[in-house]
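Welcome, and thanks for taking a look at this one with us. Please open the sequence and the structure side by side before reading on.

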Amino acid sequence: MSNYGMIIDVGKCTGCYNCFLACRDEHYGNDFAPISAPQPFKGHFWMQIIERERGKYPKVKVSFIPKPCMHCDDPPCAKASVNGAIYKRQDGIVIVDPEKSVGQKEILSSCPHRVIFWNEEKNIPQKCTLCAHLLDQGWKEPRCVEACPTGALLFGDLGDPNSEISKVWSSEKVEALHPEFELNPRVKYIDLPKRFIAGTVLFKEKNECAENVKVTLAGGGKKQTVRTNNFGDFEFEGLDEGKEFGVKIEHPDYTPQSFKVQTKLDVYLGEIPLKRSSRK
Ligand code: SF4
Ligand code: SF4
């Protein structure tokens with residue numbers, strides 16, 4: 001018996017929506033009883049793509065976070081359902097029974113991830129099944145995983161120590177989308193967007209981009225150093241939210257500059273002109 005899991009690498013996701021479309025193609029109008037009823041034409045996003053805009057002009061980034069059902073090991077949706085309408089299979093997949101769940105609309109609000117959708121016509125709740133009907137026929141992965149052109153979705157058997165997913169699953173870089181829910185999700189993430197601190201360094205008297213200037217970030221017991229690129233830009237990514245960091249900019253011929261920065265939001269320090277040191 002397999003023990004399924006998925007890891008979503010947000011850093012590899014380009015927001016192309018192929019996974020969403022593959023899910024639509026598989027489930028719209030198709031009945032896979034007793035695992036799932038047909039997905040309706042509108043309003044269902046069994047694989048959602050959350051677009052998160054980060055930073056402010058002129059330093060703006062967009063991250064795309066694919067979000068299916070997390071197939072939690074401790075699912076509140078199953079507890080909220082009546083007559084075992086939602087159950088967890090031995091392989092870890094959480095299923096909404098299309099017959100037993102008729103009329104149970106209150107199930108929608110039991111999921112803190114908000115990944116259950118209401119089918120008005122059939123009067124049932126519905127969500128991602130990880131294409132359990134295909135896995136049961138011997139498929140190795142769901143349609144969304146197969147359709148992803150960048151390899152952002154990794155699916156496999158967590159019970160097999162030699163599977164690719166097993167080798168990555170317990171690494172420090174793998175995390176839950178909402179660890180605070182404490183639901184032991186079977187879908188986890190790499191490279192979830194955190195905070196960044198960036199800036200652009202200039203040589204003031206020449207009014208030109210300052211390339212190859214040393215910039216050091218200190219905070220949270222760690223220190224990182226980068227060099228500005230040929231546009232004078234620097235950036236520190238993946239920083240914890242709500243922390244204080246010190247940024248120091250140094251060049252042997254120029255007066256150093258230091259900043260204290262809070263990462264409540266992403267921070268662009270703007271243009272930072274360096275003045276030539278009077279000692280030189
Ligand atoms: S993410 Fe929501 S719907 Fe999916 S298993 Fe967890 S509680 Fe249930
Ligand atoms: S198919 Fe892959 S790259 Fe495209 S949106 Fe889905 S996860 Fe992202």
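Here is a short briefing on the ligand shell, the aromatic contacts and the cysteines. Please keep in mind that this is a predicted model. A search of the whole structure turns up seven aromatic pairs and zero disulfides.

**Around the ligand**
- Ligand 1 has 13 residues around it, and those that come nearest are Cys69, Met70, Cys72, Cys77 and Cys111.
- Sorted by class, this shell around ligand 1 holds 10 nonpolar residues, two polar ones and one charged one.

**Aromatic contacts**
- The search for aromatic pairs gives seven in the whole structure. Phe203 and Tyr254 have ring centres 4.6 Å apart and planes at 25°, so this pair counts as stacked, the cut-off being under 30 degrees.
- One aromatic cluster is formed by Tyr17, Phe20, Phe45 and Phe117.
- A charge meets a ring at Phe196: the charged end of Lys61 sits over this ring, 5.1 Å from its centre.

**Cysteines**
- Cys77, one of the residues that come nearest to ligand 1, has a relative accessible area of 8%, so Cys77 is buried, the limit being under 20%.
- Cys13 is also buried, because its relative accessible area of 16% falls under 20%.
- The search for disulfides in the whole structure finds zero.

Technical notes: Residues are numbered from 1 along each chain as its sequence is written. Chains are lettered from A and ligands numbered from 1 in the order in which they are written. This is a predicted model: local features need pLDDT of at least 70, side-chain atom pairs count only at pLDDT 80 or more; totals for chains, interfaces and linings use all residues. Side-chain values use heavy atoms; hydrogens and water are left out. A residue is near a molecule or strand if one of its heavy atoms lies within 4 Å of it. Ala, Val, Leu, Ile, Met, Phe, Trp, Tyr, Cys and Pro count as nonpolar, Asp, Glu, Lys and Arg as charged, and the others, Gly among them, as polar. Rings of Phe, Tyr and Trp (its six-membered ring) pair if their centres lie within 6.5 Å; planes under 30 degrees apart count as stacked, over 60 as edge-to-face and the rest as tilted. A charge sits over a ring if NZ of Lys or CZ of Arg is within 6 Å of the ring centre and within 35 degrees of the ring normal. A disulfide is a pair of cysteine sulfur atoms within 2.5 Å. Buried means under 20% relative accessible area, exposed over 50%, partly exposed in between (1.4 Å probe, protein chains only).
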